[in-house]
Protein chains: 12
Amino acid sequence: MKILVLNGPNLQLLGRREPDVYGRVTLAEIRRQLDRRARALKVSLDFLQSNVEGELVTAVGESAGRYDGVVFNPAAYTHTSVALHDAIKASGVPCVEVHLSNVAAREDFRRRSYTAPVCIGQVAGFGADSYLLALDGLVGYLRRARAIGAGGRTS
Amino acid sequence: MKILVLNGPNLQLLGRREPDVYGRVTLAEIRRQLDRRARALKVSLDFLQSNVEGELVTAVGESAGRYDGVVFNPAAYTHTSVALHDAIKASGVPCVEVHLSNVAAREDFRRRSYTAPVCIGQVAGFGADSYLLALDGLVGYLRRARAIGAGGRTS
Amino acid sequence: MKILVLNGPNLQLLGRREPDVYGRVTLAEIRRQLDRRARALKVSLDFLQSNVEGELVTAVGESAGRYDGVVFNPAAYTHTSVALHDAIKASGVPCVEVHLSNVAAREDFRRRSYTAPVCIGQVAGFGADSYLLALDGLVGYLRRARAIGAGGRTS
Amino acid sequence: MKILVLNGPNLQLLGRREPDVYGRVTLAEIRRQLDRRARALKVSLDFLQSNVEGELVTAVGESAGRYDGVVFNPAAYTHTSVALHDAIKASGVPCVEVHLSNVAAREDFRRRSYTAPVCIGQVAGFGADSYLLALDGLVGYLRRARAIGAGGRTS
Amino acid sequence: MKILVLNGPNLQLLGRREPDVYGRVTLAEIRRQLDRRARALKVSLDFLQSNVEGELVTAVGESAGRYDGVVFNPAAYTHTSVALHDAIKASGVPCVEVHLSNVAAREDFRRRSYTAPVCIGQVAGFGADSYLLALDGLVGYLRRARAIGAGGRTS
Amino acid sequence: MKILVLNGPNLQLLGRREPDVYGRVTLAEIRRQLDRRARALKVSLDFLQSNVEGELVTAVGESAGRYDGVVFNPAAYTHTSVALHDAIKASGVPCVEVHLSNVAAREDFRRRSYTAPVCIGQVAGFGADSYLLALDGLVGYLRRARAIGAGGRTS
Amino acid sequence: MKILVLNGPNLQLLGRREPDVYGRVTLAEIRRQLDRRARALKVSLDFLQSNVEGELVTAVGESAGRYDGVVFNPAAYTHTSVALHDAIKASGVPCVEVHLSNVAAREDFRRRSYTAPVCIGQVAGFGADSYLLALDGLVGYLRRARAIGAGGRTS
Amino acid sequence: MKILVLNGPNLQLLGRREPDVYGRVTLAEIRRQLDRRARALKVSLDFLQSNVEGELVTAVGESAGRYDGVVFNPAAYTHTSVALHDAIKASGVPCVEVHLSNVAAREDFRRRSYTAPVCIGQVAGFGADSYLLALDGLVGYLRRARAIGAGGRTS
Amino acid sequence: MKILVLNGPNLQLLGRREPDVYGRVTLAEIRRQLDRRARALKVSLDFLQSNVEGELVTAVGESAGRYDGVVFNPAAYTHTSVALHDAIKASGVPCVEVHLSNVAAREDFRRRSYTAPVCIGQVAGFGADSYLLALDGLVGYLRRARAIGAGGRTS
Amino acid sequence: MKILVLNGPNLQLLGRREPDVYGRVTLAEIRRQLDRRARALKVSLDFLQSNVEGELVTAVGESAGRYDGVVFNPAAYTHTSVALHDAIKASGVPCVEVHLSNVAAREDFRRRSYTAPVCIGQVAGFGADSYLLALDGLVGYLRRARAIGAGGRTS
Amino acid sequence: MKILVLNGPNLQLLGRREPDVYGRVTLAEIRRQLDRRARALKVSLDFLQSNVEGELVTAVGESAGRYDGVVFNPAAYTHTSVALHDAIKASGVPCVEVHLSNVAAREDFRRRSYTAPVCIGQVAGFGADSYLLALDGLVGYLRRARAIGAGGRTS
Amino acid sequence: MKILVLNGPNLQLLGRREPDVYGRVTLAEIRRQLDRRARALKVSLDFLQSNVEGELVTAVGESAGRYDGVVFNPAAYTHTSVALHDAIKASGVPCVEVHLSNVAAREDFRRRSYTAPVCIGQVAGFGADSYLLALDGLVGYLRRARAIGAGGRTS
């Protein structure tokens, strides 16, 4: 089982500066934690960050056939990118939307997510742990889907 | 460490009927899974379901001093209850919002969450696993908060 | 064939006071008229009123398996209750929305109905007769559905 | 007592085509059912269909003095016609709005009804039965109005 | 100089019924008053009423070359007819919008006028006098336009 | 019979500058035309212009008991002044709203009039003639009101 | 003269916790202050708190005939409850809306009050004093209403 | 302790005219009642009315250093004046917004208050008593603030 | 293969007047061009224009069984006609929406098309060529649909 | 005559996957069809696809002087890109917007096109044929423009 | 070259009070800085402040013929004054809008500027320097305009 | 002191084409003017243009530690880029938003700026001078900040 962890704009800045505000965890550290968890879950993991919407679109589009699932923090593009919405839908690869912060507690323009309706689920607000929980949830989803087909759920 | 798992309206119907649509997992089964995970995490766990908004308001209000955190699926009240918003804020107890389905893929009137801005985070779309991931995330949050104080995070 | 007649908030006040404004028909009188019509239609009928949204949610949820259909006047909760929307949808029991007054002629905030989209139809504006017409319509619908399966219809 | 049954655009197509979608009941058959019910109710009944908004406006305008009440399915003009709103109000003839389908479960642009606020009530979602229920309700309303004057009602 | 007076839906009902509400002035009486004023102004006058939007569109379209100006009470179509907007603009004939009542004091949906932006001006609220004032204003406008070309104006 | 002609902000600039854009008619010239028409109508006329909203509020408030009617061009305050709305309503003096230009053809923010709903009518788009038509209409209204009481009217 | 003081959701938490944020005044202390003031005003006073919207609806509905007026802090239900709007209107008992905080300075979703339009007035922002001022205002209103009938007022 | 009572547009008309509609209480009478209450409360009181927004802005701006608090009925400017919002905020003087009528029961455009968010509280709907209650509330607030510093409060 | 070319309001005016603005191409000339292209495509073609919405509704409704496809310029009714939306949907005949001008560059109220969602496609902005391109596209679509069934497509 | 065919995000995926949903036509196949048609029309054709908004902006900007026209499928960027709006406008090169699917039948957020108002026209819904029709229309437009200058057109 | 510096409501309070919040720079000090810069630029400068919207309207209206340009801080009236919009447009004198603070970072109701669309440009957020930069920009604009006529510019 | 001048999409086209519309000033010329001014101000200056949003995000993110301030013309991305909003905020480097044209006078969709709330100020409408004024303002701000810390300012 192969998972792609995809990271959107400004996440390259994580932990490098203003650690009292954004925490000291860097994206490299998140990657290390994810690698460790991936080994425990016996899945393989690739990791990508880009500030360019079109590169993220390409990565999602190319994930089909290469990856079983995507853990995706689209960051600011969550709220503005119809192109990423279309890419996730077109790829057909199960995707989990992840956010470090609790976006619901921030500006109004962050209330709309273009990516969420085409993802299978969302994890937000747990800092670096959001990624780990998303990975756990995605792997569980994929294993259940292999075993019995993804059943319905509600509320 | 003591956690309250709180469930809103219509969740008593889960799994009892139309299993091809809503899955066969009942709320009792979710409770059993949560109890098992709680024991593994060495936390104690109470479990409550009510269809009455005011009873949920009371449960949240009384959680202060009794519980270290709340895993909350407010179901339909997510989208309409200012009273639950106020209760979570007033209680001061860290709360995680959880949904079985990916609410972002449903009707427009489910886009607004009154509870999310006063929770620490959200997990949605993983079926029964949403609860387990939320519990994991909440316990991690509480342990980190005890160790070093809840630091900032972003995006 | 068994029908539940469900009544929402403030309907307990009907006819008791200000008869020149609200008419002299009490909810008890409406119940008597419905019982008479039910006997004529050879259906059995239960009758419930509650001011508590959660109790109505419970009643709708429990109607599955117990009732063939529901005649429902959600009153004020028509315009605010996502929980009742979910309950009707989850129960799978055919439901008719009924209003004593012509709600379309009243305040703007009464223009939205959360319950109507998950009901099979609506009757509004005929006073106590709204209930009788709704019962007639529901029984006709159920009998037709038994005979030939509920066919499509338009405009 | 004389009733006009008025039908708006596209209703001439009813049952003629795609019977699995729209049902097999034609407008002619609805008329026959209404005639039978009218005889039972001892009222006389005229029946009209037009695709032209202005002809419907004229029919409503001319109903004053000729008819005691109108059963009106304005179809698509329900949602766009201020002219029919004005015609119903100007005519002063009690009017019941009727729809074959449950319009509340359809597109957003069908949520607004220009005719409903000036009708006495609405019946929707019961297929051809909607017309019969509307006729019953209208005749009951007119007889009650003759006997005691149309009293107030609520919710 | 030749003027067309055009009247929209429901104006045929004027004065015939409910004189205590709508006044006793009929459209025929308004026509007589306009004829008298036209003679005084030494202009010729045609008069038309239709409930059919498309017939009004045709009349406006055919006014070019036949009439020097149009006094137009579009009634309900004021608020819904893009077709009349296009007709007035396409005809190029100066048009004055006229209303018997003060539409600004009525329902919100009457606040939008599709015809006003393509008319030269509006007169509303003076009952039958609205027509006479509109005729005066239109004739003054046309004579001034002939004399010196229609100059700019503000506020 | 005594009429007040009231003029709002920027109207003091009329005709003084950019005559090819705003025309050469000054406010003084409009006043002369109104005086002439007033003599013909045998009414007396006062004339006031102010750029200060509060002075216009005072003038309207003091018109009660002093004037039989007001011809009012509120200019920009039309679209923003709740205070003038309240003043006209409180004064109880019949008021006609007048505009030189066809405001319906201008910016969106000019579509709302706070003064129109509390005036008896409106005249717009006829340049200086708007004032004369408004005066004619107001005097006609007042004389009719004296003779028979101001009756209802429609559309 | 008998007054009901009614309190909505989360007010049971008042003063019990986070006194530096919410103040040290408990609901019990507010009740004592109100009792003292009631004795001074020579009125009798009942006091109720509930988190359940439907129980508040019932209390308002039953106030007719039992109480001369209601001092009501609907708290969060202020902004969401059509049912309480209907209850206050149906009861016919004069009601004053009261808030401890200045709700106008808080979130946007608190800007709408469903209860205010059917109350006689509002007092907000004075902490516990809001209740005392509301009681003073209500008793003054009721005594004036008994003496001379409740006259009109403005702005 | 020195209090300024400030009154906005049209309040000079109070009681002078249409006493059956607006009541017979004049602004002068309100001032006398306030003076009496001020003496009882042992505070000194100045009283001002202006129709000019800018004069009210000046009065609020100059209140700093001269007055301990302001009782302010901004009337129509409540709903349109960002300048008064800024003035109250800049002055730093505690201000209570007061309305004679229950503004929440009036037009939609009165739902927004620009002044309320920068006041400490609001009193509305008690006629002339609104001023007295506001004065009581303001003086209580100021004395409490002097004694212990203005503590937090909620809902 | 038989195609109906349908034209909405004001198109009868095309080319007859203001040729510098609207071009010199008349509707008759467009018809001639379409006839020529139809012969080249070996399809038969009928041509209709009406200003009356209801006549267009009738024409669309009657197209089922008579025509294989419709090229439709609904002109102004594009933006206001739910009845044409319903007619196209009910007829089941593939329809192409065509506009002479680039409607996207015009007024905001032309941004909404009620007909587009139930058409198979749109051609706009090519003047008379829009019709020819629409005919080409429609015939291609119909021939492909006959050959292999109309497959899915995207973006 | 030289034409640029420009393709936006996700179009590289066309036909490669889920052929039952998106069809089997690849972008390469569309290019071959366009090349064939270009030869028939005796125009030269370049072809470009990019997922990066900024690269599309550059391509449009550089088209001036190099190309006589652009056939552009901006895909998802249609609905979000002000930058492409500005690029098309700045380039001054006639551009046709093209879509494979009928975007009007899809999500609400696809209703807005930033590019359409600055294109000369649009073709949508004909699958791969959309490109061919757009090319035909563009070449016709350019040849007509060379011959006589691009004249006005309407509706 | 003669410049008018115009200041709106509440700016008289600048620096007089709460210097830690608003800075210690008074309006008099800003005037001195502007005078110094004006001498350096060899332009003459007048300076005005008013809290009254109408006085600002008058000042702008009278600036034509007297001043070559206006530096204008409309403060709160920026967001509410159509009258100032009209005044600037009518005067024809080039105007620069200036703000001390970065208004874009403040409340939503400050997002709309009525004056900006009729100014030549804006400077905001530089404190007292905003005025100096605006003066520099305006003088540069006027000198360039004299030399070569104000050319186009973009983005 | 080191300043980065950053330029968004389409600015590479400046002055190269349509000089009568966009002016003859190229971006290279603006750079030369800025270099000259930078030397006068004794600051060092880097200059960058990109059409790719993600490259601008990267440039802003990397400015921290390298530059003391940024002069930024985000062009079209001003109105759509949450990613640039986040980049500016995350970088912590003082940024001035600059526009050549007066954006407030253009399309509605340019009214929203995502970048402005996280900049220190804005300069718009002065053509190439906008950059010079922004540089002056930024350098002044930085020097004042170094000397005394950036104090508060208002309106």
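## Chain pairs

Chain C and chain D bury about 3,200 Å² between them, with 53% of that area on carbon and sulfur atoms. Buried area here is the accessible area (1.4 Å probe) that two parts lose on being put together, summed over both. This is a predicted model: local features need pLDDT of at least 70, side-chain atom pairs count only at pLDDT 80 or more, and totals for chains, interfaces and linings use all residues. Residues are numbered from 1 along each chain as its sequence is written, chains are lettered from A and ligands numbered from 1 in the order in which they are written, and side-chain values use heavy atoms, with hydrogens and water left out. In this pair, 39 residues of chain C are in contact (heavy atoms within 4.5 Å) with 39 residues of chain D. The rule finds two salt bridges across the interface of chain C and chain D. A salt bridge is a side-chain nitrogen of Lys or Arg within 4 Å of a carboxyl oxygen of Asp or Glu. Asp129(C) forms one with Arg144(D), the closest N and O atoms being 2.8 Å apart.

Now chains H and G. Here 40 residues of chain H touch 40 residues of chain G. The area buried between them is about 3,100 Å², and carbon and sulfur atoms give 52% of it. Two salt bridges cross the interface of chain H and chain G. Arg144(G) pairs with Asp129(H) in a salt bridge, with 2.8 Å between the closest N and O atoms.

## Salt bridges elsewhere

Over all chains the count comes to 109 salt bridges. Arg110(K) forms a salt bridge with Asp86(H), with the closest N and O atoms 2.8 Å apart. Arg110(K) lies in the loop between β4 (95-99) and β5 (121-124) of chain K, and Asp86(H) in helix α4 (residues 82-91) of chain H, so the pair joins two chains. Helices (H or I, at least four residues) and strands (E, at least two) are DSSP runs, numbered from the N terminus. Both Arg110(K) and Asp86(H) are buried. Buried means under 20% relative accessible area, exposed over 50%, and partly exposed in between (1.4 Å probe, protein chains only). A network of salt bridges links Asp86(F), Lys89(F), Glu107(H) and Arg110(H).

Some salt bridges stay within a chain. Arg110(C) meets Glu107(C) at 2.7 Å, N to O. Arg110(C) counts as buried, at 4% relative accessibility. Glu107(C) counts as partly exposed, at 24%. In chain J, the side chains of Arg32(J) and Glu29(J) form a salt bridge at 3.2 Å, N to O. Both residues lie in helix α2 (residues 27-41) of chain J, three residues apart, about one turn of the helix. Arg32(J) is partly exposed at 46% relative accessibility, and Glu29(J) is partly exposed at 23%.

## Helix α3 of chain E

Eight of the eleven residues of helix α3 (residues 53-63) of chain E are buried, so it is largely enclosed by the rest of the structure. Among the buried residues are Leu56(E), Val57(E), Ala59(E) and Val60(E). Glu53(E) and Ser63(E) are buried too.

The cover over these residues comes from several chains. From chain E, it includes β1 (2-7), β2 (44-49), β3 (69-73) and α4 (82-91). It also includes α3 (53-63) of chain D and α3 (53-63) of chain I. Just after α3(E), Gly65(E) takes a positive phi of about 90 degrees.

Ala75(A) is not a glycine, yet it has a positive phi of about 45 degrees. Ala75(A) sits in the loop between β3 (69-73) and α4 (82-91) of chain A. At 4% relative accessibility, Ala75(A) counts as buried.

Asn10(L) is not a glycine either, and has a positive phi of about 75 degrees. Asn10(L) is in the loop between β1 (2-7) and α1 (19-22) of chain L. Asn10(L) is buried, with a relative accessible area of 10%.

## Cavities

A search of the whole structure finds twelve cavities of 30 Å³ or more. On a 1 Å grid over the protein atoms alone, a cavity is a set of points where a 1.4 Å probe fits but cannot get out; lining residues have an atom within 4 Å of a point. Grid points are joined across faces, edges and corners, and a volume is the space filled by probe spheres set on the points.

The largest cavity has a volume of about 90 Å³. Its lining is Glu53(F), Thr80(F), Glu53(H), Thr80(H), Glu53(K), Tyr77(K) and Thr80(K). These divide into one nonpolar, three polar and three charged residues. Ala, Val, Leu, Ile, Met, Phe, Trp, Tyr, Cys and Pro count as nonpolar, Asp, Glu, Lys and Arg as charged, and the others, Gly among them, as polar.

Definitions and conventions
1 Å grid on protein atoms, 1.4 Å probe; cavity = no way out; pocket = protein on both sides within 12 Å on 5 of 7 lines; lining within 4 Å.
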